Amino acid sequence: MNIQEIRQLIRIVEKSGIDELELEEEGRKIRIRKNQNNVVVASPQNGASVQYALPPAGAEVPPPAAPASAPAETASGESAADSDKYYEVRSPMVGTFYRAPAPDAAPYVEVGDTVSPGQTLCIIEAMKLMNEIQSEVSGKIAKILVENAQPVEYNQVLFLIEKT
Amino acid sequence: MKPRFDVNHLQQRLEAPERFILHYFPQMESTNSWLVMAARNDAPAGTVVIADAQTAGRGRLGRRWEDTPGCSILLSLLVRDLPSKMNPLMLTYWISLQMADAIEETVPGIHIRLKWPNDLFLRGKKLGGILIEGNFTANKPQFFVIGIGVNVNQQWNDFPAEIRDRAISLRLVTGTIVSRESIVAAFLNRCTPLFEPNIAIHPPTLLREYKKRLLYLGEVITVNTGKGTVKGRLTDLTPEGFLILATAEGDKIIHSGEIFYET
């Protein structure tokens with residue numbers, strides 16, 4: 001189970017009527033418990049726990065402050081290596097992914113393009129809120145993981161940028 | 001010759017003028033584009049830009065917003081840090097409600113309704129629209145530019161023929177010239193809480209207020225999602241504010257698209 005899946009579980013628990021979810025997979029046990037104001041992710045195996053503040057009902061789930069400290073991260077050595085090489089650009093909200101500012105306009109970026117911090121990569125639209133997503137890093141666009149005009153989930157990886 | 005927007009008149013009517021920095025242009029490409037550029041160059045929250053005419057006004061995905069010089073409210077407002085309980089999607093609803101209230105306060109006796117997600121409707125026709133452009137870096141919002149267009153003093157022949165049966169202005173309803181400055185002042189006065197970090201926003205209450213004005217609630221509509229159309233009964237909104245359509249294949253949740261009402 002990777003951090004992405006844990007995040008999905010948190011969202012499922014958060015939106016559900018259940019207070020607690022415990023599951024075991026390949027000897028790794030995870031318990032997600034809904035507090036009054038917090039969702040607690042606890043891995044009893046090593047005692048580490050990460051708290052995710054729950055936003056008010058209807059709010060977007062904020063990005064966890066330090067996902068790297070989650071115990072599940074170590075489960076995938078490959079993703080750790082990838083994250084050294086690639087910077088992941090994620091969607092800040094549920095919406096529709098657009099690669100260009102208008103249907104007849106050229107895409108903001110193509111695979112192989114060099115980008116710099118502050119450069120616009122795409123637009124995520126939801127409810128006529130058009131959100132420009134800017135690069136935080138310098139690098140080369142290695143992968144564009146979503147097709148134009150496709151729906152995206154919160155925190156879904158949109159681009160991989162090869163750091164320079 | 002239509003009178004220019006009177007920025008001094010607006011300034012005098014603001015309850016908290018120190019919150020806003022007002023810019024006026026007789027004509028510009030787009031108030032939103034200008035303010036997005038200004039925001040990238042560190043313009044402060046509360047910067048407002050107003051124009052009498054736009055040569056490249058934008059709607060959703062680059063669609064043109066029709067306007068006749070001097071007739072419309074064409075305004076953009078810059079917001080940086082949202083109040084703690086306001087998420088970006090709620091901002092769309094909150095702004096729509098403030099503008100609806102501001103118009104009704106200025107023009108008594110009319111009832112503004114909202115077409116999901118953010119068009120202002122009057123008597124079944126489009127009175128205005130809102131386009132919010134957000135800017136995110138590393139999942140953190142940097143700023144939001146709130147763009148608003150409202151048809152105020154157009155007469156029928158001010159509208160292009162192809163939209164005449166779907167558009168309306170306040171003047172067409174009241175029969176008299178309506179003060180754009182008064183509406184903008186009422187709107188900005190309602191927006192001052194946006195700059196207070198601890199404004200009490202209760203999303204369920206906000207959604208309830210929004211639903212009171214929502215067009216087509218309970219009716220069968222068709223939504224063009226950009227990838228195709230979905231037809232169903234608009235039964236409710238999700239807690240996030242997305243549309244719930246009851247279709248032949250069950251409930252579908254729609255987070256972006258254009259509603260077409262079919263009778």
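This is a predicted model: local features need pLDDT of at least 70, side-chain atom pairs count only at pLDDT 80 or more; totals for chains, interfaces and linings use all residues.

User: Why is the contact between Glu88(A) and Arg90(A) called a salt bridge?

Analyst: A salt bridge needs a side-chain nitrogen of Lys or Arg within 4 Å of a carboxyl oxygen of Asp or Glu. The N to O distance between the side chains of Glu88(A) and Arg90(A) is 2.5 Å, so the pair qualifies.

User: What makes Glu196(B) and Arg19(B) a link between distant parts of the chain?

Analyst: First, the bridge: the N to O distance of Glu196(B) and Arg19(B) is 3.6 Å. The two residues are 177 residues apart, with Glu196(B) in the loop between α5 and α6 of chain B and Arg19(B) in the loop between α1 and β1 of that chain. Glu196(B), at 35% relative accessible area, is partly exposed, and Arg19(B) is also partly exposed, at 31%.

User: Which residues are linked in a network of salt bridges, and how many salt bridges are there over all chains?

Analyst: The network links Asp101(B), Glu104(B), Glu105(B), Arg190(B) and Arg213(B). Over all chains, the structure holds 15 salt bridges.

User: How do you know that the span of helix α3 of chain B agrees with expectation?

Analyst: The expected span is 1.5 Å times one less than the number of residues. For the 19 residues of α3(B), residues 88-106, that gives 27 Å, and the end C-alpha atoms are 27 Å apart, so the two agree.

User: Why is α3(B) called mostly covered, and what caps its N-terminal end?

Analyst: Of its 19 residues, 16 are buried. The cap is Asn87(B), which has a side-chain oxygen 2.8 Å from the backbone nitrogen of Leu89(B).

User: Turning to chain A, what elements does it have?

Analyst: Chain A has 2 helices and 12 strands. Buried residues account for 43% of its 164 residues.

User: What makes β5 and β7 of chain A edge strands?

Analyst: The open sheet has 4 strands in the order β5-β12-β10-β7 (chain A), with antiparallel pairing. β5(A) and β7(A) each have a single partner strand, so one side of each is left without a neighbour in the sheet.

User: How do you know that β5(A) and β12(A) pair?

Analyst: At least two bridges are needed between two strands, and β5(A) and β12(A) share 5 in the antiparallel sense, so they pair. Glu88(A), the salt-bridge partner of Arg90(A), stands opposite Leu160(A) in β12(A).

User: Which strands does β6(A) pair with?

Analyst: β6(A) is joined antiparallel to β11(A) over 3 bridges, and 3 bridges also join β6(A) to β8(A), again antiparallel. Phe97(A) has Gln150(A) as its bridge partner in β11(A), and stands opposite Ile124(A) in β8(A).

Methods. Residues are numbered from 1 along each chain as its sequence is written. Chains are lettered from A and ligands numbered from 1 in the order in which they are written. Side-chain values use heavy atoms; hydrogens and water are left out. Buried means under 20% relative accessible area, exposed over 50%, partly exposed in between (1.4 Å probe, protein chains only). A polar contact is a pair of N or O atoms within 3.5 Å; within protein, one must be able to donate a hydrogen and the other to accept it, and residues adjacent in sequence count only if both atoms are side-chain atoms.
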